[in-house]
Amino acid sequence: MNIQAYVVLSAILFTIGCVGVLTRRNAIVVFMCVELMLNASNLALVAFAKQHGNLDGQIAAFFVMVVAAAEVVVGLAIIMTIFRTRRSASVDDASLLKY
Amino acid sequence: MIALHGGSSIPVVDPTSADGVFGLLWLVIALPLAGAAVLLIGGKYTDKWGHLLGTLLPIGSFAISLAMFISLLGRDDHDRQIDQHLYTWFQTGHLDVGMDLLYDPLSALFLLLITGVGSLIHVYSIGYMAHDPRRRRFFGYLNLFVAAMLMLVLSENYLGLFLGWEGVGLASYLLIGFWQHKPTAAAAAKKAFVINRVGDMGLSLAIMLFFVTFGSTSFTVISAGAGDASTTTMTILGLLLLLGACGKSAQFPLQAWLLDAMEGPTPVSALIHAATMVTAGVYLIVRSNFVFELAPHAQTVVVVVAVISIFWGAWIGCAKDDIKKALAGSTMSQIGYMMLGAGLGVAGYAFAIFHLLTHGFFKANMFLGAGSVMHGMDDDVDMRHYGMVRKAMPVTYLTFAMGYLAIIGFPGFSGFWSKDKIIETALADSWLVGICALLGAGVTGFYMTRLMLMTFFTNKRWEKGVHPHESPSVMTVPLMVLAALSVLGGVFLIGDWIVDFLAPVVGTAPHEEPPIPALAVTVLAVCVVAVGVAAAWFLVGKRDVPRVAPQDVSFVTRAGREELYGNTINDTLVVNPSRHLTAALLATDKYAVDGVLTGGPVAVGLFAGFARRVQNGYVRSYALSILVGALLVAAALLAVNLA
């Protein structure tokens with residue numbers, strides 16, 4: 001089976017996520033881009049697992065999903081709180097923790 | 001047992017183990033040491049009776065020494081070296097040092113001198129220090145000194161000797177600076193300690209060289225193997241030992257500390273800086289006869305140092321107005337005589353020790369006498385404020401006079417016999433040295449007569465409100481005993497007893513006819529002394545002594561008052577360069593070392609000031625950093641894998 005297409009798709013998705021994280025200010029969008037990167041890597045993991053004919057990559061993908069779920073819980077809670085206090089979800093506004 | 005090297009007459013130390021009364025040998029040291037421990041640790045709880053305990057213990061040591069001495073006399077000549085092995089001091093590699101005590105004729109005489117004169121001075125101190133609030137501590141230090149000095153003369157190896165050597169140095173430091181509230185006393189103590197360190201360096205180097213050469217520091221081993229070592233080694237050893245001796249015995253060029261050491265209480269000057277400690281250098285040389293006999297060049301240097309010291313000390317003694325400093329100059333000069341005797345080899349060792357003993361008697365006597373005078377004159381030491389003291393203090397005057405007659409060598413008195421013998425031996429060795437010794441005796445006559453006249457005769461020059469009075473009997477009785485010893489000290493020479501007695505230690509000199517008969521030398525010596533005394537009478541005794549030292553004096557007097565510029569020389573050659581070096585080191589530390597050390601943190605701080613700007617609070621820039629970092633890592637991995 002040729003996995004080239006899967007890996008290329010994974011790379012495209014990852015790049016989109018990456019650019020999104022770096023360029024967008026809205027915390028929710030940044031968050032979604034992070035999810036996009038995670039799932040891009042999941043896709044690559046599953047594809048490689050298929051190529052190697054074992055379950056290692058799939059198990060790793062499950063782990064990533066679990067982490068992503070946990071991250072969503074915590075991350076959304078933080079974004080909510082920030083939004084409530086500042087009436088803004090811009091990540092550039094929350095820049096008080098610095099030198 | 002006496003074994004001799006093939007052909008030469010250097011005796012080998014070969015002691016038998018201690019039995020009978022000699023088993024008590026360790027107690028001689030232990031008693032005063034225990035006294036020092038009790039008095040110094042017990043603190044104020046021993047204030048009431050401390051001085052009594054401190055006096056009784058040296059007397060106990062004296063009793064044991066006397067018993068052992070009598071027992072030693074009962075032994076055969078060849079059986080007079082006794083060793084007591086106490087324990088193994090330490091053992092490391094090839095070095096095995098035992099805590100061994102050696103009791104032989106030489107240490108026997110020293111034991112009697114140290115404990116005997118020491119006990120008398122302890123008794124005297126009870127009176128002299130009666131009004132001092134720290135009298136108990138004074139006795140603690142004195143006991144410490146006595147114990148260390150006994151260790152010095154009893155040890156069977158050079159390391160044990162060094163232990164005692166440093167012990168007396170410590171005690172001397174503590175006692176010179178006993179009145180530490182006086183800055184001059186504190187400085188004098190430090191000076192004595194530092195100058196002694198120079199000498200100690202010589203002695204410690206000698207001990208190391210002994211170990212390298214003979215694999216041991218024991219007298220027994222070294223004296224047995226002395227013949228096998230090269231003359232060069234022996235000469236170096238001799239010179240190093242001489243350096244040590246010069247430091248401890250205040251001989252040229254390490255003499256400068258002795259005069260300042262007179263800042264200590266007078267009993268200290270009598271015990272440590274006249275009778276015992278300063279003679280340790282002479283002991284060291286006589287004890288190391290097996291080195292010096294094989295190092296003729298070192299012996300020559302000893303003689304040269306001795307002759308310089310004789311005149312150096314005498315010169316100072318002639319010019320000083322401070323009674324204790326004049327006596328200190330005299331001490332240096334008289335130790336010069338002992339060194340001269342020791343430098344002359346087998347023929348002179350016994351006479352060096354003889355003069356050491358008689359000097360111990362008469363100089364202790366005179367120092368204590370000077371202390372008694374000071375006691376009556378409200379602690380004034382300037383002889384220009386004395387005069388006619390004999391009326392007020394007849395006992396002090398009479399006992400002091402005995403010491404005076406002994407030191408100038410008045411016929412019949414102890415100093416006459418001992419100094420005469422050294423001059424005789426010196427003349428037999430070399431004309432030049434002999435004549436120097438003879439002239440030295442004349443100068444001795446001059447300065448001692450000057451001291452005697454200025455103190456006890458001539459016009460009254462007392463300060464207002466000073467009423468001299470005789471000292472209490474606790475002080476005068478030791479004076480009387482010492483005066484008697486000063487007169488009778490010559491008995492050691494009857495039938496050449498001391499020469500025969502010391503022969504097992506220092507060997508026997510081959511009998512030679514002196515170039516001029518002994519009687520002629522004696523008459524000559526007495527004449528020279530008479531000239532010195534007469535000169536003092538005309539220059540001091542017949543005139544009125546001014547109360548203030550005249551300033552328009554010749555260079556000779558001025559140099560004498562300045563201690564022959566010994567301090568100036570030391571300052572220029574050693575002290576000031578050291579000061580500059582210290583200042584330079586301090587500056588280096590402050591600017592260079594501290595600069596590097598504090599400069600580092602400052603640079604790190606500056607760098608951190610810039611580096612922390614990275615922490616700007618924008619999440620997206622962090623994300624970019626992470627991305628760039630991840631890309632770099634990936635690139636690096638690829639580069640490594642592809643390479």
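A residue is buried if 20 or more other C-beta atoms lie within 10 Å of its own, exposed if 12 or fewer, and partly exposed in between, with C-beta atoms placed from the backbone. This is a predicted model: local features need pLDDT of at least 70, side-chain atom pairs need 80 or more, and totals for chains, interfaces and linings use all residues. Residues are numbered from 1 along each chain as its sequence is written, with chains lettered from A and ligands numbered from 1 in the order written.

**Exercise 1.** Find what share of chain A counts as buried, and describe its overall form.

*Solution.* 
- Burial: 15% of the 99 residues of chain A count as buried.
- Secondary structure: chain A has 3 helices and 0 strands (DSSP runs; helices H or I, at least four residues; strands E, at least two).
- Spread: the radius of gyration, over C-alpha atoms, is 16 Å.
- Box: its C-alpha atoms fill roughly 50 × 25 × 25 Å along the principal axes.

**Exercise 2.** Which residues touch the most other members of the largest nonpolar core?

*Solution.* 
- Term: such a core joins buried Ala, Val, Leu, Ile, Met, Phe, Trp, Tyr and Cys through C-beta atoms within 7 Å.
- Members: of 204 residues, F145(B), L150(B), L340(B), I353(B), A364(B) and L502(B) touch the most others.
- Source: helix α15 of chain B (residues 346–376) gives the largest share, 17 residues.
- Second core: a separate one of 12 residues includes V21(A) and F31(A).

Conventions
The radius of gyration is taken over C-alpha atoms; the globule rule is 2.2 Å times the number of residues to the power 0.38.
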